[in-house]
Amino acid sequence: MIWLIFALLTGAAVMAVLAPLAMRNGAQDESAADVAFFEEQIAEIEREREEGRLDAADAGAAKTEAARRLLRAEAAPKPKVAASRKLALAAALAAIVVIPAVALMLYARLGHSDMPDMPLTARLDSAPDRNDLSGAVARIEQHLREHPEDGRGFEVIAPYLLRTGRGEDAVHAYSEALRLLGATAARLAALGEARVVVAQGVVTPQAKKDFEAALALDAAAPEAQYYLGLAAAQAGEKDKAIAIFSKMAADAPADAAYLKAVNAQLANLRGEANPPVVARGPSSEQGKAIAAMPADQRQEMIRGMVDRLASRLESKGDDVEGWLKLIRAYSVLAETEKAKKAVTEARKALASKQDDVARIEALAKELNIGG
Amino acid sequence: MIVETGHYALVLALALALAQFAIPFIGARLNDAALMRVARPAAITQFLFIALSYGALTYAHVVSDFSLVNVIENSHSLKPFIYKISGVWGNHEGSMLLWVLVLSLCGALIAIFSTSMTDRLRADALAVQGLLGAAFLLFILLTSNPFARVAPAPWEGRDLNPILQDPGLAIHPPLLYLGYVGFSIVFSFAAAALIGGRIDAGWARVIRPWTLFAWIALTLGIAMGSYWAYYTLGWGGFWFWDPVENASLMPWIAGTALVHSAAVMEKREALKVWTIFLAILAFSLSLLGTFLVRSGVLTSVHAFASDPDRGVFILAILVFFIGGALALFALRAGALPVGGLFSPISREGALVLNNLLLSACCATVVVGTLYPLALEAITGEKISVGAPFFNTVLIPIALPLALLMPIGQMLSWKRGDLAAALQRLRIAFIVGVAATAAFGAWYGTPFLSIVTAGIAIYLVVGTLSDLALRVRGNSGRASLKRLAGLPLSAFGTSIAHAGMGLTLLGLAATGWGVETIVAMKPLSYYDVGPYQIGIDSVSPRQGPNYSEVYAVMAVRKDGATLATIEPAKRFYQARRMARSEAGIVTLGLGQVYAAIGDSHEDGTIDARLYWKPLVTLIWIGALVMAFGGALSLADRRLRIGVARRAAAPALEPAE
């Protein structure tokens, strides 16, 4: 079908050139245009004189000037203009060959005749692909635009938005879910957490309010307690922070997933005099030393480590943990291109080990760097 | 399928452009009528194909087809409909496609409307137009293809640069391109005349309307761009002597000179060679502007994305066409016939002086724009050439030019009488001096503003009194009859010149503006010129693809509220960019202008407040100029230059 259209267009283009070549009538007198111009000018002078806008003497002088130029134009040597059939035939043949050849050769290099149009609404309405998570989210978002009262929808996509770096949209989705479905401790805490992510780990006053509201509904809500502890640590209220984290550690069931993070915070607060507190504090000795450095030095140090890791993996690629670490590091440093490259290289280096490749793929999917 | 059809149509347009160049050009050299005839249908068909291609790209933007890289990078499914359409040219690839669309439109217009000329001139002109089209189409297809696709297609785009999400985007670029590229018609005719080695008698008559058309579009495009920058950048300026702005000013000045010299050429057959040179210059400067803006030499909102390949490609196009045209000029100009004679004191003489002064202005802008770039390229040193340089050099040229404008209008063709012309301008002189005195008494300073304003008033009165004198008869009825008999072009001249005067007055008045930067407290009022401005409220608001904080401000005078304005600060999610939206109210011919910055915890908000007296005249003047140009364009009579008021017999023309 599309090639039929292309053929028709090509035909039209060639015809535009062939039609004038095929016409028989012909050659125009070269000086005719000049002569016509001066005749028109003389007529114009005459008309102006009649209308009284030129006096007779001026009109006479102007007419003399124009008439002299007219005579000169008529007397000028005229190049012979003809219409040769042979030339026309050659031009026609050239057009028939060259126009389609140029067009097809270029299009073959640049075009995608196999790709259909993909209007967004049609894609959203078509049957969803099971493996296409981002497509599913786009569909839900579209649905929510049409049904902005669907709180469940907001609740479903909010975590995904947060993970893919669309923090503000996640905050919006969480607040809509909260407004439509009613306040629960979990929803309030999730909203607060999204705000903390948007603020790059800082517990903002607004987020603090959300966590406090969550605690009012459920005094034991662990996320809310944790972030309020972090808020206290960030505000420099060390004792308050230690009190909150110690209480959490004491109350927590032994297998609680958050226990590790809480203990890390506690170690941090007790260990160093004034450690800068980030959302996920480092736990090793070296990590603490890095964390205590000024920001720019720390950045440099981390980059140095990442670079060393990268060059090590380059020579010795058989290390899935190393690759995972590197990909994560690039992703944290927001160097998406390098992260993608690392994914590709890891696939190559680990090609023989199915399980390892699967882990790389899973991480790439989680970090949304596909590759 | 629509998208790929558009892509294929673009490729076909390139093939046709090559045919449009080669066949008629060979035909003109071999004196073959059939081959020369190919030019017209080829030009028209080429335009239709590019229009089809442009339509396909617009369709892709409108339906948010994210399989196109161009749509992903510059659109967003939630973007308002108008910006989906204007956003097509709000990016590098799309704007280049608009450029060739306008170029091919110009070619088609030549093909359709150029009846009164020799086949050879038309064939050569369209061949040059075809070559230009082929060069730019190749540039688009090889370095900036708007139809590049990706698979799998993402589900959302990155949105259009927020600064461009403005109604201005719908008007400014198309007008500017009509102006820039409109000069390509004149360029092609100049090149055709040089290639053919002869200038048809009707040559000036043929190019004059195209020159005017391009000039009008460029005037409006620049004015629109300046007003857009004024209300959207939030610091109250309307012209920054930015290289990108200069890129549009250079062809405008050259085009203005061309409009005047073409008039001399049409009426008196004089200044032929000079007119051809200006025709080449005007389009060359347009190309230079395109190179500066599109190559990534400059960083600006106009530059979109920079890519060294593109820069080199455009540079090659630039060198080929400008160098080629100038070389042709050097080879052939000597062989062209010279035209009619005139005495130095005459309309022609005044227009030559006008051309000299405009050329000096143009050279100043070229130097001021290119020198810092060249210096940076050679020594790596960054200097900024801005308002101080341009004001120092341009004002001493522009003010005498303004003084001369009405005098030139009063002189007759071939031989004029300077004393009589000055005599007729005495009312304008008196009014001008009185206005200078009045401005001086009222404002006191700055001196330059007062003098410029006085000259502006003199210019408006002088150019209109020329019209009045030509109409004045013994009785009211006789005057009316003369008024009706006056050609439209006479009105055009006077009105365009008066528009220049209005713009000049608006520029002069910038010296009397008032500016304050304050942290505004709610419900207290701040003096700005004759007005007081206070904040009623500050609140957030959600737009379709942005969120904003806007302030409601009341503008008061003597306790009475005259207007409320809503300056805002917008934040665009997709690009994570902020931009300000100025609050503007026009009071008389001046404007109160407010832009807000950060708000503080204690309820105050940083704001810039301006009172700009007579500022609207800057743009009103440009509209009036364009209207004058349109009147002149509407007048399709043959222009005949006779010394209507000269007592002495006319000089014999040179043969």
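**Exercise 1.** How much area do domain 1 of chain B and domain 2 of chain B bury between them, and what share of it lies on carbon and sulfur atoms?

*Solution.* The model is a predicted one.

Step 1. The domain assignment places domain 1 of chain B at residues 1-165 and domain 2 of chain B at residues 514-612. Taken over C-alpha atoms, their centres are 43 Å apart.

Step 2. On the side of domain 1, 13 residues take part in the contact, and domain 2 contributes 7 residues.

Step 3. About 880 Å² is buried between the two domains, with 56% of it on carbon and sulfur atoms.

**Exercise 2.** Characterise the side of domain 1 of chain B that touches domain 2 of chain B, and the polar pairing across the interface.

*Solution.* 

Step 1. By class, the touching side of domain 1 comprises 5 nonpolar, 4 polar and 4 charged residues.

**Exercise 3.** Which residues touch the most other members of the largest nonpolar core?

*Solution.* 

Step 1. The largest nonpolar core has 171 residues, and those touching the most other members are V17(A), L21(A), I99(A), W99(B), F189(B), W203(B) and I276(B).

Step 2. Consider I99(A), leaving out residues up to four places away in sequence: I99(A) touches A13(A), V14(A), V17(A) and A94(A), together with L12(B), A15(B), L16(B) and A19(B).

Step 3. Another core, of 41 residues, lies apart from the largest one and includes V171(A), A177(A), A185(A) and Y227(A).

Technical notes
Residues are numbered from 1 along each chain as its sequence is written. Chains are lettered from A and ligands numbered from 1 in the order in which they are written. This is a predicted model: local features need pLDDT of at least 70, side-chain atom pairs count only at pLDDT 80 or more; totals for chains, interfaces and linings use all residues. Side-chain values use heavy atoms; hydrogens and water are left out. Domain bounds come from an automatic or database domain assignment. Contact means heavy atoms within 4.5 Å. Buried area is the accessible area (1.4 Å probe) that two parts lose on being put together, summed over both. A polar contact is a pair of N or O atoms within 3.5 Å; within protein, one must be able to donate a hydrogen and the other to accept it, and residues adjacent in sequence count only if both atoms are side-chain atoms. Ala, Val, Leu, Ile, Met, Phe, Trp, Tyr, Cys and Pro count as nonpolar, Asp, Glu, Lys and Arg as charged, and the others, Gly among them, as polar. A nonpolar core is a set of buried Ala, Val, Leu, Ile, Met, Phe, Trp, Tyr and Cys residues joined through side-chain atoms within 4.5 Å. Buried means under 20% relative accessible area, exposed over 50%, partly exposed in between (1.4 Å probe, protein chains only).
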